[in-house]
Amino acid sequence: MVSKMCRVGDENETRQENEVYCDLGVNYLGESKAKLIRVSHGRMKLWTLRIITTLLLWTCIIQLVAIGEVWGPRLLKSWPSCSSPPNLYIPPNLSSVQSTNHFPLKRVYENNGYLVVSCNGGLNQMRAAICDMVAIARYLNITLIVPELDKTSFWADSSDFEDIFDVDHFISSLRDEVRILKELPPRLKRRVELGMFYELPPISWSNISYYRHQILPLLKKHKVVHLNKTDARLANNGLPLEIQRLRCRVNYSALRFTSQIEDLGRKVVEMLRKNGPFLVLHLRYEMDMLSFSGCTKGCNTDEVNELTTMRYANPWWKEKIIDPEIKRKEGLCPLTPEETALVLTALGIDKNVQIYIAAGEIYGGERRLRSLSKVFPNLVKKETLLESSDLMFFRNHSSQMAALDYLVSMESDVFVPTYDGNMAKVVEGHRRYLGFKKTIVLDRRVLVDLIDEYSDGSLSWNEFSSSVKEAHANRMGSPKNRVVISDKPKEEDYFYSNPQECFADGETEIVVG
């Protein structure tokens with residue numbers, strides 16, 4: 001009995017001890033859990049504080065960058081960076097470079113369709129066409145797809161738009177005027193792949209009313225219209241003032257070259273400026289120009305045959321039978337290097353001045369340049385100024401090389417083109433826009449007669465020089481009115497060579513011929 005009672009007592013004590021241990025265990029676990037909760041809560045506060053601090057720091061940095069964009073060199077831009085050497089000389093009037101990234105607000109409008117364009121020709125012909133297409137898209141309230149560049153013409157340049165121009169700047173800087181996309185939306189892209197779009201070459205030199213009455217209905221019907229030719233498809237004159245000024249805005253602000261091209265352009269200008277003033281000679285004496293025009297002055301028999309064969313083999317060049325002498329007498333041929341040396345000397349150009357030749361490979365090479373370099377020994381080209389490594393990414397890309405020449409031409413003290421092609425005209429107009437920088441526009445019809453008279457002894461040197469100077473006294477890029485020949489747009493003054501609506505108040509008069 002006693003033993004049983006003892007066992008019962010022991011069991012009760014054991015149960016009580018276990019209950020005590022259980023209570024202690026529960027209390028211990030509860031305290032541990034509470035501690036863990038307190039620790040987790042503390043860590044959350046710490047991480048929240050860190051996140052808020054980080055956000056505040058980034059907000060301050062963004063604000064400082066924004067201030068730097070506004071205040072420019074006086075603040076953040078005076079600090080050296082790894083991307084721009086602090087001692088790099090940048091010409092004060094390097095016109096093509098825009099540093100601001102403050103883009104306008106987007107224009108909201110009801111979209112009437114999508115315009116796809118394929119540009120044709122060389123760089124400056126395509127440049128003018130892009131300006132025209134933006135103006136047309138704005139006027140018709142449509143969406144423009146970033147233009148495709150010519151890859152099939154004589155130059156066979158595979159460059160895309162973004163290889164030459166800053167595509168993001170192009171899109172963003174014009175967003176208050178027109179919506180521009182890098183490519184069609186997927187749904188419309190599939191429609192195009194299935195052939196569900198309309199394609200045509202627009203009529204050359206068309207007024208804006210042509211696009212409103214002929215192209216806009218096609219856009220509304222088919223949603224996508226592809227213009228497969230863009231050269232000179234918009235008239236020089238008779239357009240609304242806002243359209244003319246938009247063409248200028250695109251040309252002189254939105255079409256910025258890539259940083260790679262602009263950096264190399266700065267480098268060339270810096271090298272030239274170190275040695276004083278320089279003249280850019282756009283010596284358009286390249287194989288394609290001579291073959292296309294049929295101009296063979298100074299060429300030997302083999303060269304004439306080679307140029308003729310090329311012309312007949314090229315399907316884009318419609319004129320095949322050409323009398324080179326008649327062409328030359330009409331002033332339709334580029335000056336030869338020998339003729340150029342005579343003219344520059346007659347104009348009184350300093351023989352020691354640096355002359356940068358903005359051109360591709362001169363036909364006939366050094367043999368044809370010999371007479372020019374004899375009179376003007378400081379002839380340079382991008383290929384002689386720069387290391388081969390500098391031009392490595394530009395080789396076989398004629399449009400990118402032409403872009404480099406364009407930049408240097410814009411910054412020269414004097415610009416002299418020997419032929420009035422697209423580069424000559426577009427650069428002339430850009431230099432006018434920048435304050436009528438000196439551009440000598442040669443009157444080749446007059447010059448050919450004077451050169452022949454001097455060569456056969458009919459004129460003395462003094463008579464020849466005086467006549468050349470007199471003929472060009474008013475052809476130095478000074479302000480003048482654009483001449484209109486309403487029924488002959490090819491013969492009238494080109495808009496991009498003298499965009500007078502964009503000068504000052506745009507009140508200059510357009511003279512009708």
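Which side chains meet in a salt bridge at 2.4 Å, N to O? They are those of Arg-284 and Glu-286. A salt bridge is a side-chain nitrogen of Lys or Arg within 4 Å of a carboxyl oxygen of Asp or Glu. Arg-284 counts as buried, at 16% relative accessibility. Glu-286 is buried too, with a relative accessible area of 11%. Buried means under 20% relative accessible area, exposed over 50%, and partly exposed in between (1.4 Å probe, protein chains only).

The model is predicted: local features need pLDDT of at least 70, side-chain atom pairs count only at pLDDT 80 or more, and totals for chains, interfaces and linings use all residues. Residues are numbered from 1 along each chain as its sequence is written, and side-chain values use heavy atoms, with hydrogens and water left out.

The structure holds 28 salt bridges. One of them joins the side chains of Arg-273 and Asp-413 (2.9 Å, N to O). Arg-273 lies in helix H8 (residues 259–273) and Asp-413 in the loop between helix H15 (398–411) and strand S9 (414–417), so the pair ties together parts 140 residues apart in sequence. Helices (H or I, at least four residues) and strands (E, at least two) are DSSP runs, numbered from the N terminus. Arg-273 is partly exposed, at 24% relative accessible area. Asp-413 is partly exposed, at 34%.

Lys-329 and Asp-449 form a further salt bridge through their side chains (3.6 Å, N to O). This pair links distant parts of the chain: Lys-329 is in helix H11 (residues 324–329) and Asp-449 in helix H17, 120 residues apart. Salt bridges that share partners join Glu-325, Arg-328, Lys-329, Glu-339, Asp-449 and Asp-452 into one network.

Helix H17 (residues 444–455) also packs with H12, at an angle of about 90° and with the axes 11 Å apart. Axes are lines fitted to C-alpha atoms, for helices over the stretch in contact, and angles run from 0 to 180 degrees between N-to-C directions. H12 is therefore roughly perpendicular to H17 (65 to 115 degrees). Glu-339, Leu-342 and Val-343 in H12 meet Leu-447, Ile-451 and Tyr-454 in H17 (contact means heavy atoms within 4.5 Å).

In helix H13 (residues 365–375), the buried residues are Arg-368, Leu-369 and Leu-372. Seen down the axis of H13, they fall within an arc of 85°, so they line one face of the helix. The arc is that of the directions from the helix axis to the C-beta atoms. Glu-366, Arg-370 and Lys-374 are exposed on the other side of H13. The buried residues of H13 pack against strand S6 (278–282), helix H12 (337–346), strand S7 (354–357) and strand S8 (379–380).

Conventions: Parallel < 35°, antiparallel > 145°, perpendicular 65-115°, else oblique.
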